[in-house]
Amino acid sequence: MDTQAQAEPKPEEVPSNETEEERKKKIDDWLPITGSRNAKWWYAAFHNVTAMVGAGVLSLPYAMSHLGWGPGTVILVLSWVITLYTLWQMVEMHEMIPGKRLDRYHELGQAAFGEKLGLYIVVPQQLICEVGVDIVYMVTGGKSLQKIYNLACGDCKNIKLTYFIMIFASPHFILAHCPNFNSISVVSLAAAVMSLSYSTIAWGAAADKGRQPGVSYASVASTPTGGVFNFLGALGEVAFAYAGHNVVLEIQATIPSSPERPSKVPMWRGVVVAYIVVALCYFPVALVGYYIFGNKVEDNIMLSLEKPVWLVIVANAFVVIHVIGSYQLFAMPVFDMMESTLVKKLNFKPSFKLRFITRTVYVALTMFIGITFPFFGALLSFFGGFAFAPTTYFLPCIIWLAIVKPKKFSLSWFINWICIILGVMLMILGPIGGLRNIIVHAKDFKFYN
């Protein structure tokens with residue numbers, strides 16, 4: 001009897017592997033990145049616009065005032081071309097390994113550098129970018145709400161920025177519980193439309209205002225050293241403007257794929273449309289804004305416009321709507337990392353309760369950091385330079401050389417090495433300007449403003 005009883009479970013040992021596969025599939029279907037794979041190419045278009053065109057576009061005329069006409073125009077165009085090329089590489093490498101989809105940036109890193117090293121190289125940089133951007137957007141959203149309040153009600157009681165950040169964070173405590181990328185598609189579409197709208201308002205209102213009397217394009221720095229540091233800081237601002245690569249693979253993971261029609265086809269179509277929109281946002285704002293105001297342009301072109309008041313209020317409202325969508329887009333890969341770790345490594349059961357707690361804590365944490373450090377954007381220009389430049393400008397090129405292995409001294413080999421050299425220079429030089437900017441303005445930084 002005992003022998004027979006011990007022998008009974010043996011038939012159950014056979015399907016155990018199937019059960020494990022089913023468990024893995026169940027987890028993948030629950031996780032936000034792989035939970036839905038029915039996106040269309042236009043989803044990729046507006047997701048990429050939302051990720052790429054941040055409120056940083058409004059600071060591009062200010063960056064131009066430190067770069068000058070020649071270098072500024074070259075750097076803007078070169079950044080557009082290089083980042084489009086590296087984005088194409090990432091789209092191509094998504095399914096470069098037969099029978100496998102590299103759904104996350106760190107999975108691409110693991111394919112190139114190995115399981116552990118790939119994680120160590122990619123994940124810290126990706127988290128700095130995504131969490132950093134979310135904190136900056138908390139502050140940006142709060143400041144835009146404060147600007148609307150001050151303009152609409154000039155005689156009203158002054159309200160601290162802290163409360164506006166808390167107001168901005170409120171919808172995120174609800175939106176954060178959308179399960180995956182496709183479930184925030186409406187929010188992302190609204191954000192993409194808003195980014196194009198406030199960019200158009202910025203350069204259109206500037207053009208309508210006309211070239212200002214006495215406008216000058218000379219450097220505002222009082223010393224040559226100051227001019228150099230301002231130039232380096234502007235490089236970091238341009239790098240920050242092209243920071244959408246950190247969510248590209250995660251967006252492509254939502255698109256269905258088959259041998260006859262791989263996901264790279266609709267994804268690339270979406271990327272091309274997105275980059276046309278990026279060009280329509282970035283170049284007119286940067287060039288028209290700089291032409292109209294010259295070296296007297298504010299670090300946010302909306303501050304230079306001032307009037308008409310109603311138009312500035314509308315533009316700031318558009319900024320608020322846009323950063324709400326962008327926050328969710330950059331938060332989704334972070335949610336995926338947290339939930340993957342909890343379920344796969346720590347063996348938590350996939351559930352609404354787990355997701356509710358982790359995402360609520362994340363939103364609360366980014367809100368708290370934004371309230372504590374309302375000058376976080378200035379810090380990110382320094383720390384972010386170490387992460388934005390690699391993940392956008394040259395890490396895809398290094399991975400391409402490791403996986404594709406183009407022939408030495410071929411055109412592809414040269415292009416990748418040129419991008420790597422330029423990207424490394426940007427990574428080194430950008431934070432220098434950011435650090436100097438922090439030192440100069442440290443006296444103005446106030447906690448819990």
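**Cores, helix packing and loops in a predicted model**

Me: Which residues does Y282 touch, not counting residues up to four places away in sequence?
Reply: This is a predicted model. Contact here means heavy atoms within 4.5 Å. By that test, Y282 touches M52, V53, G54, V57, L60, A241 and Y242.

Me: Which residues have the most contacts inside the largest nonpolar core?
Reply: The largest nonpolar core has 113 residues. Inside this core, the most contacts belong to Y242 and Y282.

Me: Which helix gives the most to this core?
Reply: The core in question is the largest nonpolar one, with 113 residues. Its top contributor spans residues 264-293 and supplies 15 residues. That is helix α14.

Me: How many residues does the second, separate core have?
Reply: This core stands apart from the largest one. Its members include W30, L342, V343 and L354. The total is six residues.

Me: At what angle do the axes of α11 and α16 cross?
Reply: Helix α11 covers residues 185-209, and helix α16 covers residues 309-345. Their axes come within 8 Å. The crossing is left-handed. The angle is roughly 145 degrees.

Me: How many residues of the contact of α11 with α16 are charged?
Reply: The α11 side includes V187, M194, Y198 and I201. The α16 side includes L311, F318, H322 and L329. The contact residues divide into 15 nonpolar and six polar, and the charged count is none.

Me: Is Q252 buried or exposed?
Reply: Q252 lies in helix α13, residues 248-252. Its relative accessible area is 0%. The cut-off for buried is under 20%, so Q252 is buried.

Me: With which side chain does the side chain of S79 make a polar contact?
Reply: S79 is found in helix α6, residues 69-93. S79 is buried because its relative accessible area is 7%. Beyond four places in sequence, S79 touches V238, Y242 and Y393. The polar contact, at 3.2 Å, is with Y393.

Me: What distance separates the C-alpha atoms of G430 and V238?
Reply: G430 lies in helix α20, residues 411-441. G430 counts as buried, at 3% relative accessibility. G430 and V238 are 192 residues apart along the chain. Their C-alpha atoms are separated by 9.3 Å.

Me: How far apart in space are P256 and G72, C-alpha to C-alpha?
Reply: P256 is found in the loop between α13 and α14. P256 is partly exposed, with a relative accessible area of 40%. Its contacts beyond four places in sequence include R37, N38 and R101. P256 and G72 are 184 residues apart in sequence, and in space the separation is 40 Å.

Me: What is the phi of K405?
Reply: K405 is found in the loop between α19 and α20. K405 counts as exposed, at 60% relative accessibility. K405 is not a glycine, yet its phi is positive, about 55 degrees.

Me: What is the phi of F409?
Reply: F409 is found in the loop between α19 and α20. At 56% relative accessibility, F409 counts as exposed. F409 is not a glycine, yet its phi is positive, about 70 degrees.

Key
Residues are numbered from 1 along each chain as its sequence is written. This is a predicted model: local features need pLDDT of at least 70, side-chain atom pairs count only at pLDDT 80 or more; totals for chains, interfaces and linings use all residues. Side-chain values use heavy atoms; hydrogens and water are left out. Axes are lines fitted to C-alpha atoms, for helices over the stretch in contact, and angles run from 0 to 180 degrees between N-to-C directions. Helices (H or I, at least four residues) and strands (E, at least two) are DSSP runs, numbered from the N terminus. A crossing is left-handed if the near helix is turned anticlockwise from the far one by less than a right angle, and right-handed if clockwise. Ala, Val, Leu, Ile, Met, Phe, Trp, Tyr, Cys and Pro count as nonpolar, Asp, Glu, Lys and Arg as charged, and the others, Gly among them, as polar. A nonpolar core is a set of buried Ala, Val, Leu, Ile, Met, Phe, Trp, Tyr and Cys residues joined through side-chain atoms within 4.5 Å. Buried means under 20% relative accessible area, exposed over 50%, partly exposed in between (1.4 Å probe, protein chains only). A polar contact is a pair of N or O atoms within 3.5 Å; within protein, one must be able to donate a hydrogen and the other to accept it, and residues adjacent in sequence count only if both atoms are side-chain atoms.
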